[in-house]
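Subject: Structure handover and notes on its side-chain contacts

Dear colleague,

I am passing on to you the structure that I have been reading, and I would be glad if you could look through it with the notes below at hand.

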Amino acid sequence: MSKLEQILILDPPADLKFRGPFTDVVTANLKLTNPSDKKVCFKVKTTAPRRYCVRPNSGAIDPGASIIISVMLQPFDYDPNEKSKHKFMVQTIFAPAAVADTESMWKDAKPDELMDSKLRCVFELPSENDKMNDVDAVSKAAPMLNSSKVDGPVAAKPTSAALDDTEMKKVFEECKWLQTEVGKLQEENRQLKDDGLRLRKAQRPDHIASNSSSLMGRDVSTSSLPSLLVVIAAIFIGFFLGKFIL
């Protein structure tokens, strides 16, 4: 009896293409479709099991259903002069009416019940044109991605110039706020000095001598705090302006 033809439809049908660089795991997908009215069991084999990870590597496909097989090539040193000899085989069988143990099913299967398809592995490196196309695709997608996020909680910053403008605006706002605070402190300082003068003038002459030392101490203590805050605010302004200039 002749061997049965493969019932499943494979996509791709003959070659599994892996596109480098191969410094990291590279994945190729294989789609299996069952066009029949029977359930089909499958398993995937390879000539280089240590170089690949296949998920899932076996299973069953219902009538009219499809499944995606992920074939993951492990990192390796690629030599363009070396042709790949790696191959894969998809082996299938119509599922029995009652399948209790799939391992025993495969072990007891007769050769004329098995169907298989073979695929070869092809390694490719991206050409310069492909790299340029990838760069163009990323640059075109970036504005669309940024525009879609403008109405969100945080708008994306598409360029470094936008980041610089934001930092510049922030520095100006900080400096403006500090200048305002310095002005307020200076005004408070002048007000305290005026209050001290009025207090000294209001005192009787006979109490001026006895209270002069305490009044001066109170004047110095009330005016020293705003003066210290003025100095601190000036230091902050110098720091932010120096940051902006740099």
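Predicted model: local features only at pLDDT ≥ 70, side-chain atom pairs only at ≥ 80, totals over all residues.

Residues are numbered from 1 along each chain as its sequence is written, and side-chain values use heavy atoms, with hydrogens and water left out.

Salt bridges

In general, side chains of opposite charge can pair when their charged atoms come close. With a salt bridge taken as a side-chain nitrogen of Lys or Arg within 4 Å of a carboxyl oxygen of Asp or Glu, the count comes to 3. One of them joins K3 to D116, with the closest N and O atoms 2.3 Å apart. K3 lies in the segment before strand 1 (9-11) and D116 in strand 9 (residues 115-124), so this contact ties together parts that are 113 residues apart in sequence; helices (H or I, at least four residues) and strands (E, at least two) are DSSP runs, numbered from the N terminus. D116 is partly exposed, at a relative accessible area of 23%, where buried means under 20%, exposed over 50% and partly exposed in between, using a 1.4 Å probe and protein chains only.

Strand 9 also holds R120, whose partner D15 is in strand 2 (residues 15-19), so that pair ties together parts 105 residues apart in sequence. The N to O distance in the salt bridge of R120 and D15 is 3.1 Å, and both residues are partly exposed, R120 at 47% relative accessibility and D15 at 22%.

The salt bridge between R190 and E187, at 2.6 Å between the closest N and O atoms, lies within helix 3 (residues 160-202), where the two residues are 3 apart and thus separated by about one helical turn. R190 is partly exposed at 45% relative accessibility, as is E187 at 42%.

Aromatic rings

How many aromatic pairs does a search of the whole structure find? There are 8, counting rings of Phe, Tyr and Trp (its six-membered ring) whose centres lie within 6.5 Å, with planes under 30 degrees apart called stacked, over 60 edge-to-face and the rest tilted. Among them, F18 and F123 have ring centres 6.1 Å apart and planes at 70 degrees, so the pair is edge-to-face. This pair links F18 in strand 2 with F123 in strand 9, 105 residues apart, and F18 is buried at 0% relative accessibility, as is F123 at 15%.

F123 also forms a tilted pair with F22, at 5.6 Å centre to centre and 55 degrees between the planes. F22, which is buried as well, lies in the loop between strand 2 and strand 3 (26-33), so its pair with F123 ties together parts 101 residues apart in sequence. Ring pairs link F18, F22, Y52, F76, Y78, F88 and F123 into a cluster.

The charged end of R51 sits over the ring of F76, 4.6 Å from its centre, the rule being NZ of Lys or CZ of Arg within 6 Å of the ring centre and within 35 degrees of the ring normal. K38 has its charged end over the ring of F94, 5.2 Å from the centre.

Strands 5 and 7

In a regular strand the side chains alternate between the two faces of the sheet. Strand 5 (residues 52-55) has a covered face, made by Y52 and V54, and an uncovered one with C53 and R55. Strand 5 pairs with strand 7 (residues 66-73) in the antiparallel sense over 4 bridges, pairing being defined by at least two DSSP bridges between two strands. The bridge partner of C53 in strand 7 is M72.
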